[in-house]
Amino acid sequence: QVQLVESGGGLVQAGDSLRVSCAASTRTFLSLTMGWFRRAPGKEREFVAGINWSGGTTRYADSVKGRFTISRDNAKKVVYLQMNSLKPEDTAVYYCAADRRNYVVVSTSASTYEYWGQGTQVTVSS
């Protein structure tokens, strides 16, 4: 079983930076690919970024490439999403997710991820 708890969301202005974190409660963190997804009001959930077990493979949505960075600390069992140059269209609930079956590759499909956190709100004002 994997429990995920996000933190670090908040209200920021356009152009600001914010880092959200996801703490995992599991003995098998090293065997997990981790992902960040988001759901904006009135929109479907979308992939934001993902990282494999070692951090050697990362993937990003085109909309955040060059602005967001995903990383992980396996000793602390935490995944981070550093968000720079935030835009109002980044406003959403951000969810952390864990994929237990594909710890080497990074999937962009939400259906691949088995475990989800409760989400943290990020609001970017213009």
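Me: Why is the contact of Lys-65 with Asp-62 called a salt bridge?

Reply: A salt bridge is a side-chain nitrogen of Lys or Arg within 4 Å of a carboxyl oxygen of Asp or Glu. The closest N and O atoms of Lys-65 and Asp-62 are 3.1 Å apart, so the pair meets that definition. This is a predicted model, in which local features need pLDDT of at least 70 and side-chain atom pairs count only at pLDDT 80 or more, while totals for chains, interfaces and linings use all residues. Residues are numbered from 1 along each chain as its sequence is written, and side-chain values use heavy atoms, with hydrogens and water left out.

Me: What makes Asp-62 count as exposed?

Reply: Buried means under 20% relative accessible area, exposed over 50%, and partly exposed in between (1.4 Å probe, protein chains only). Asp-62 has 65% relative accessibility and therefore counts as exposed.

Me: Which residues form salt bridges with Glu-114?

Reply: Glu-114 pairs with Arg-100, their closest N and O atoms being 3.1 Å apart. Glu-114 also pairs with Arg-101, where the closest N and O atoms are 3.8 Å apart.

Me: How do you know whether Glu-114, Arg-100 and Arg-101 are buried or exposed?

Reply: Glu-114 has a relative accessible area of 26% and is therefore partly exposed. Arg-100, at 43% relative accessibility, is likewise partly exposed. Arg-101 reaches 54% and so counts as exposed.

Me: How many salt bridges does the structure hold?

Reply: The structure holds six salt bridges.
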